[in-house]
Amino acid sequence: MAKLSKVVADERRRRTVARYAERRAALKHAVRTGTPGERDAAVRALSRLPRDASPVRVRNRDQVDGRPRGYVGRAGVSRITFRRLAHAGELPGIRKASW
């Protein structure tokens, strides 16, 4: 189980990313396509946004216990939880391989 403070901080970051997503996208577009003056203004505006508004700061975590490593994106859980749930038959479409 991950520390609760880490899980809560990650949830806060996800909300911040969602809040600033539209504004960030517009500024990034201005940086790519604007005139040199517009680009400079857009870069300054991007740097004034909160640091946690960047999507790269969000960490994929296990939905069950918050573990940050070994994340299996298809199921949304870590490798350890994935194995436990798969053996219990709680993940639809997942079967243990045997040959």
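Helices (H or I, at least four residues) and strands (E, at least two) are taken here as DSSP runs, numbered from the N terminus. By that rule the chain holds three helices and two strands, in the sequence order α-α-β-β-α. The radius of gyration, taken over C-alpha atoms with a globule rule of 2.2 Å times the number of residues to the power 0.38, sets the overall picture. The value for the chain is 19 Å, well over the 13 Å that the rule gives for 99 residues, so the chain is more spread out than a compact globule.

This is a predicted model, in which local features need pLDDT of at least 70 and side-chain atom pairs count only at pLDDT 80 or more, while totals for chains, interfaces and linings use all residues. Residues are numbered from 1 along each chain as its sequence is written, and side-chain values use heavy atoms, with hydrogens and water left out.

**Overall dimensions and domains**
- The C-alpha trace spans about 65 × 35 × 15 Å along its principal axes.
- Domain 1 covers 1-59 and domain 2 covers 60-98, with bounds from an automatic or database domain assignment.
- The centres of the two domains, taken over C-alpha atoms, are 29 Å apart.

**Interface between the domains**
- Eight residues from domain 1 and seven residues from domain 2 take part in the contact, defined as heavy atoms within 4.5 Å.
- The domains bury about 600 Å² between them, 48% of it on carbon and sulfur atoms; buried area is the accessible area (1.4 Å probe) that two parts lose on being put together, summed over both.
- Within domain 1, M1, A2 and R59 lose the most area to domain 2, together 70% of what that side buries.

**Salt bridges**
- A salt bridge requires a side-chain nitrogen of Lys or Arg within 4 Å of a carboxyl oxygen of Asp or Glu.
- The count by this rule is four salt bridges, whereas zero salt bridges are counted between domain 1 and domain 2.
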